[in-house]
Structures are given as structure tokens and as C-alpha cells.
Amino acid sequence: MRRGLRTLILLSGLCVAATQALAAEPYLAGLRRLTESQYRNSIADIFGPGIAVQGKFEPDRRIGGLLASSGTTLSITPAGMEAYAKMADGIARQVVDEKNRSRLISCTPKSATAADRGCAAQVLERYGLLLFRRPLTQGELKARLDAADSATKLSNNFYTGLRYSLTTLLSAPDFLFRVEMAASQGKAYSLDGYSRAARLSYLLWDSTPDQALLEAAKSGGLENEAGVTREAARLMASPRLETGMRAFFSDFLQLDTLGAITKDPTIYPKYSDEIAASAREETLRTAIAMTLKTDGDFREMFTTRRSVINRPLAWVYDVPYNLNGEWMDYEFPAQSGRSGIVTQAAMLSMFSHPGRSSPTKRGVALMDIFLCEPTPAPPANVDFSIVNDTNNPNLRTVRERLMAHATTPSCASCHTHSDPIGLSLEEFDSIGERRLMEGGRKVDASATIGGKQFSGGAGLGQYLHDNPRVPACFARKLYAYGVGANSEELEKGTVQPLVDGFGAQGYRVQPLLRAIVASPQFFAARPPAPLKTAMNPRG
Amino acid sequence: MRFTRRFLLRGGSAVVALPFLDCFLDSKGRALAATGQAIPTRFGTFFWGCGLTKTLYLPKATGPNYDDTPQLASLKPYKNKLNLLSGFRAYVDDKPNIQHWTGNAAITTGIAPANDTQFDARTIDQTIAETIGHGARFRSIEVSCSGNKRESYSSLGGSNINPPETSPLSLYSKLFGAGFQDPSKGDWKPDPDVVLQKSVLSVVADDRKLLEMGVGAADRARLDQYFTSVRELEQTLDAELRRPQIAAHVAIPDAPDEMAMNKSVPNLRKVTPVLAKLLAIGLATDQTRVFNMAFSEPASTIYVPGDSRPFHQSTHEEPVDEAVGYQPITSKFSTYSMEGFAALLAALDGIPEGDGTLLDHSLVFAYTDTSNAKLHAVDGIPMLLAGSASGRMKTGIHYAGAGTTVARVGLTVQQALGLPVDRWGAESNLTNKPISEILA
């Protein structure tokens, strides 16, 4: 209603109010397109897991190391809208389907062949609240009821009418985007209660706020620190925290890359879609075990030899598989050279060429992911031919050829930066199998970064474990993930207290999550745009 | 292979003239009798990464009857239906030469991009769609030959891309699945479901006013894009509510099976002709008038099984063979990319339409990201224009741009398609000089 009233004022051209007058009223501070998993989880939570979501989602784009951050910059293309509309129709059809009606439609119409505004309103109000993550305005509800009426008349079927009006909710920008509304609070601007609820639940559950969280938003319970802390604790106590953190780790570790790479089957016959999916699952299970199951020091992700593997992975790792079940806890022996997630098949195969390993790709990716240090693009005019003259009898291994190129002065600065990490992983091939020889020579997996020498996967794992920039980068990205910002553009004043607290709490991820949602900036909003730009002359 | 064979059987017969369609043709054989509607002119792009090999593709002669070159051998059957454009340059001014991106984006927007993977304006196909696309079911169709969902270089601007269809089955479903109106159906009538779907969109479009408050410029642009997309979908549904009228002699094949999608050259050879054929039938049945096909990404990683170097790595790592003056293995990838283009042209030229073929009523713009990929050079980027745009473009010509801006090609294309533009591009790429030598 409040917003509806302001709309009226604006539309009638009474632009007397300047920024100050607007500030006390809510305004649109941000738009975040739902990710595919957020969409799927939201539908499952609202309508039940039995409702199939069938369709193609628009691709995301990684910004500051995170796909989630692109949600604040991307919109919906014509092809995307078509796909969303089809998905919406498919979902709405299932919701009004005879076998789901008793569970999902909370009232029975007076007649199944005629409009019943009362019953329709009851259903639409309920799902409007859940889908828009706030109550519908009177205008929004009326438009939907009118749509239901006319569709019912055309089809002589109450449920058909309901189906089309549900589709209008599922196709609306208020569902497809998280519309973040804000208002002034004293001198500062911050998100309103419903937008806060969404920020909390999508960070912690990767899904839409539940009824209790929406109730808290309605009663003002999310507008003070105690209330936020209480609700965050409730959300974190739920098993759905695992869903939320899997979504984060998948994004942070760039595990979506597994869906875009191919391996040359003539060189790596073992590799398959099943291996790729298993590798993703292994790394996610490891990350969840280290951070949620044990609530331990997250840096052990780089040093642990424990993993969770299935039969296809046992084949890649060339280890025995002694279980009839699907997944098995496994501890690699010390001489395996494995050390945490950076030596797992997922990370090793994502950042390689289809037919061979690439120390540069691995180095550039791991520096970016774990140290928040992107490597600049190479200069345009470079002769790389030496790197791959495989006929040169003096340059038999990837390392030898890379070194011959990387010592060229114009190339040295970046390669010194990115290559050592990758070179330490040369004992693993393009799909993560161990290999100690290459081109008839023993692989040299030694590396030196900033005067620190180490060798092999275990050396790299320890280096990352001990490097203070690793937890600092992690805290920065987790925060950026929550607020939908570019991790490279966050202010130090926002991040540093979180980093300090992370260390003080033994680098445990759950206290870090609590600190992030309690951070004074977590619900901060940009100021409203001046009224002039808010007025769209094209209306 | 089961699928390919079946597809060829069905698809092969699809090109056979169907007698009942003849009644739509008026005496000149060019327009539809029922409405007098002219055969539409289509526009498409074909993108491939990492350029061509100068010593192997560039003819010595310019003008008509230029000499054949080995890298363009697969295009020989269409030599008289296309123009080869060489020697154009993407000017970067004081922006960086963003490797594998600057050339791509400058060619399709006329503007050297400021940021990697972002377009500083909408791409040319989208501008063209606004003029020639009206009335077709889809504004444009995008296709990735390797099945990569990020492999599309069509955009309304910024970092959003129009997502591609990633397999023959997904392309088939888009074109001929739900919503397809069969022009040969005798008892055609509008689908009441589509009327209702349209009513949904008008409710959604009204949601706009609630989102106007205090919104910043960037979010406003994103909302505009969302509501533009809603309008586009309304037009798609409008098209589905009209009885379709076509002039081409085609039949709709059965749905293809799923095919493996990847970047290996043998697989691309299997998939590309199938995608091209579906696309051609989609154009012929007026599902769209604008398409964008990406054979690979800009730093192309297509590969030959057994060789550990994909195309892009090969451009940087393979030594130039001094005896011949080029990179022997790398150059083959360029040849393969041209074979992909030839497959597209074969599909378009294989559909009779009016007094010619679908290709004659099209203009297909093939372009790439670099000239010499080894150096990421953006001067001398090779481009091709195939089809005569329903007679508005002369063909069979090799034109050398002599270092003038790549935007001249975009300007020429727009003028050939009847867009009222007399200048295009920005900064040093701004031009008011179309290639008049090839405009009819």
C-alpha cells in the first residue's frame, strides 16, 4: 500500500518531494536475479519437492570470483523470459493438478467451473507472500484476481483460472529477482525487514524465507541485532544450512566449471560425465565435512588426507574400493601426495587442458580462488612457441618448456606470480591421476613463492594452510556472496573486522557466518537515486 | 549415427517440394498469394575463434573472379554467393586490446569494448532484428555448435548474452516444439491457451510501476531489459496466434535424438550440419528471421582427439614452419572452422524459396576475433558475407579494406537490410562509408 500510494503521487507528476522525503519511504535499492539453485530450492520449499522444475536457466557470469555476484548485474533476456514463462506455466499446472490440489490449494471453490474470488484470494495471497517474499499489495492482488476471473470464464474452470494467475506470480520480476527494498534509518540507509529475511535465507539456505522468518520480518523482528542473531541461529541450526553452504562452496570453488570442460577421450579414456559429477560431489562433501560436520579449522581443507569417494573416483585415484554403498570415507596414505581439496580430481581437472595439465591454468585459478589475486592477461604480442615444441630434445616436460618461456623478461613477472602453485601440482595429470614421470623424466614438483620453498601437493596444501591471505580471502568472498557484491570492490573497513574475528575463532566457518550477518554493513543499502532519475519519462 | 541417418532421411525429403504449398505462391513465384507478403530477408551471423591463416586464405586478387585459396576450399561451391572481406581493422584508440574480445565486440557493436566479455552497445543482430524481425515468432535464435551455454555473442548490451540452444534437440524443441504453428494444417485456429498465456504477460508488465521508486540507473536499465523481454515474449505469442504463411518448400523433420556436444572437431563435423539444417527450416518457416551461430568461442579450444593442443594453445605454442611460412597444425583448425561455415551455407542454399534459395534471401555475416591469433592482432580480421539479401548485395567479390575500420562492414550490412542508418560505430571506428562496391 505504501508503495502503491507513492506510485500514485509520482505518476500524477507531483515531483515535489526531493530525496529527503523519499528516504523515509522504502525504495528499490537492489535487484538480484535468482540463481538456478535458488530458484529450484525456492520452488521446492514453497510447493514441495515433488514439483518438477523443467527448463533452461540463463547462464551466470563470475564477478570477483563469484557467480552469485553477477546476479546484481545481469537481467533477463528475451530467450530467458521465454524459458522462465514456460517454467512458470509448468509449475502452476502441477500446483493445480488434481493430485496436488488437496495439499496445495487451501480452499475448495463453490463451483469448479466458475470464478470464486474468495477462494482464489486466499490461495494467491498465500503464494504471493511466499513467492514475492513480502505480502502482495492490494493492486497486485486485484490484478491477479482479475486475471483468474477472466481465465476462468474463458475456460469454464476455476483451477485453470488459478493456474494462470499463479503463473503471473511466477513470471513476475518480484519473484525472478530478489527485489531489495530499503529505507533510511536515521542517517544511514538499510534494507527493510522482508529484504533482510531474503538476504539471510538465501545466504544460509540458498532458498526463500520460511513462514517463521517472514513473520519475524512482518513484526519488525529483523530490525534489531538481537532479532537478527536469533533468526540466524535458528536458520543455522537447520539441516538446510548444508544446502546453503554447498551452494556457496560450489560457487567459491568454481565447481560449475566441471560442466563446461571436456577431456580428450583418446588421452584420458577414464574421464566421463560420471567422473566429473563424482569429483564435484567429493569436493563438496569434503568442504561440508570440514566446515559444518566438525566445525573445525577451515584451513584443514588444504591439508587433510581424508576424503569421501565413490567407485568411479577410486578408479581415477587408483585405490581399492571396499564398499557396496555409494560413498565411502577414505584416507589417502601419506605417500599418495594428496593434500586436501587442491589435490582432488575436481580442482585438478577443471584447470587443465583437454589433453594435458597446465601449471599456468592451475596457478592462475588457485591464486584467484584462494588468495583473491587475479592474474593480469598476458601481453598481446607474445611468442609461446617454445612452450610446446615437444620435439625439442632438451625440453621434455611441461615444466622445462614453461620455464624456457617464463624466463623471458616480459613474461617473467606474471609467471613468477602464478606458475609456482601450478608447478607444485605437476604430479597430477589433467584428470587428477597421479603421475611421477613425464616424457621419460621424473616430474619436478618443487616451487618457490615469496622465498618460501615447497614441493608437491602436500607442500602446496601446507603453504595455503599457513598463508594468512587465504582465510582473509575466504571471509571476503563469503561476505560478498551474502550481499551480492564484487569481492574485489569491498571496503577494507567492512572486511577486516570479519577477518580478525575469523582468526580469533580458530578459522571456523560457522562463527564467521554469524559475524557476517551481525556485521553492521550486512543490511546496509545504497542511498536512493534522486527523484529525477527515478522518474521514467517513458513510464 | 542412428539419429544422423534418420535425420538425413527425413531432412533430405524435407527439401522436396510439397505440392500443397504451391498454392501459396503467386505467379511471380516470389511472394505469398494469400497476403501478398514478400519473402522476408533474413540475417545471421557465424562466429568462429582465432581467425584464419593469412598465407592460406588471402587471395592475391581483389574484385570479382579472385583466385581460389586452400583455406576457403570448402566454400568454393558458394563462391559466387559470397563476398570475402580482408584487411579491415578494429581500432582500439586508448582502450586496451582485450585479447580475443576486442575484435569480436568491435565488429558486432562498432565500438572497441572497455571490458572483457562485455559489449558497450547491443550487437548488430539485435539492431537488425528490430527492423526485419517483426512478425516472426522469435526475435532471434542463438546456437552453440559445441553445446556451451555461454557460447553466444549476441547481446542487448552489457554482460548479458542471449543464451544459445546447446543441442539439436534443444534447437528443435525451441523451433518446432510447443507453440509451433504448422502452416500446412488445414483446420488451423488460434490456440486458446496462447491467449491466456498472453494475458499473464499483461499482468506482469503492469508490475513495472511498483519497481520505479528510487531505483538507480544500472538497476533501471536491468528492469528495462526485463520488460523488453516480456514485450518480446508477447510478440512471440502474437505470432503464435496468427496463421503462419511461408513460401519455402520444406517439411518439419521428426525430433532428433540427443547428440554428444563437445569441442572435438569430429563431433563438430557431425553436429554442425544438423544444427544448420534445423536452423534453415526454422528460418524457412518464419520462426525467426535472425540467428547467431557460434562455431567456437573467441579463443577457440576446438581440438583434434589425440593431440593435446587445442586450437588456441596451438596458435601460441606451435612454431611457424619457416619452410612454408605458417603454423601447419594451427592452420588446420582455421580450415575446419571454414568447413563449419560451409555446412551452414549448404543448409541455407539447400532450401528452395521463391525464385532462388533461402540463402539468396539471407545475409550471413561470418566473422572472428583476430587476424593472427598468435599475436592477438585485430588488424586485417577476415570476414565473409554470404547471400545476396534478396538482391540488395552483390556477391562473388573479394574486397580489401586497406586498414579501414571493421565498422564499415556492419554499416554495409545494415544498409543492405534496409536500416535507415548513415553512420555507425564510435571513436575511430565511427564511419559513414559503407562498402558501396558490394551494395546493389
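This is a predicted model: local features need pLDDT of at least 70, side-chain atom pairs count only at pLDDT 80 or more; totals for chains, interfaces and linings use all residues.

Student: What makes up domain 1 and domain 2 of chain B?

Tutor: Domain 1 of chain B takes residues 2–178 + 252–429, and domain 2 takes 189–242. These bounds come from an automatic or database domain assignment.

Student: How many residues of each domain are in the contact?

Tutor: Domain 1 of chain B gives 7 residues and domain 2 of chain B gives 5. A contact here means C-beta atoms within 7 Å. On the domain 1 side of chain B, the residues that touch domain 2 are 3 nonpolar, 2 polar and 2 charged.

Student: How do you know whether the radius of gyration of chain B agrees with that of a compact globule?

Tutor: Set the value against the rule, 2.2 Å times the number of residues to the power 0.38. For 440 residues, a compact globule would come out near 22 Å, and chain B has 22 Å, so the two agree. The C-alpha trace of chain B spans about 70 × 60 × 45 Å along its principal axes.

Student: Over to chain A. Why are the buried residues of α22(A) said to be on the same side?

Tutor: The buried ones are A:V495, A:L498, A:V499 and A:F502. They cover an arc of only 105° around the axis, which puts them on the same side of α22(A). In general, an α-helix has 3.6 residues a turn, so residues three or four places apart point the same way. On the other side of α22(A), A:G493 and A:A504 are exposed.

Student: What do the buried residues of α22(A) pack against?

Tutor: Against α21 (469–483) and α23 (509–518) of chain A.

Student: How do you know what span to expect for α22(A)?

Tutor: Helix α22 of chain A, residues 492–504, has 13 residues, and 1.5 Å a residue gives an expected 18 Å. Its first and last C-alpha atoms are 18 Å apart, close to that value.

Student: And which helix supplies the largest share of the side of chain B that touches chain A?

Tutor: The contact takes 55 residues from chain B and 64 from chain A. On the chain B side, α8(B) supplies the largest share, 11 residues.

Conventions. Residues are numbered from 1 along each chain as its sequence is written. Chains are lettered from A and ligands numbered from 1 in the order in which they are written. Helices (H or I, at least four residues) and strands (E, at least two) are DSSP runs, numbered from the N terminus. The expected span of a helix is 1.5 Å times one less than its number of residues. A residue is buried if 20 or more other C-beta atoms lie within 10 Å of its own, exposed if 12 or fewer, and partly exposed in between; C-beta atoms are placed from the backbone. The arc is that of the directions from the helix axis to the C-beta atoms. Two residues are in contact if their C-beta atoms, placed from the backbone, lie within 7 Å. Ala, Val, Leu, Ile, Met, Phe, Trp, Tyr, Cys and Pro count as nonpolar, Asp, Glu, Lys and Arg as charged, and the others, Gly among them, as polar.
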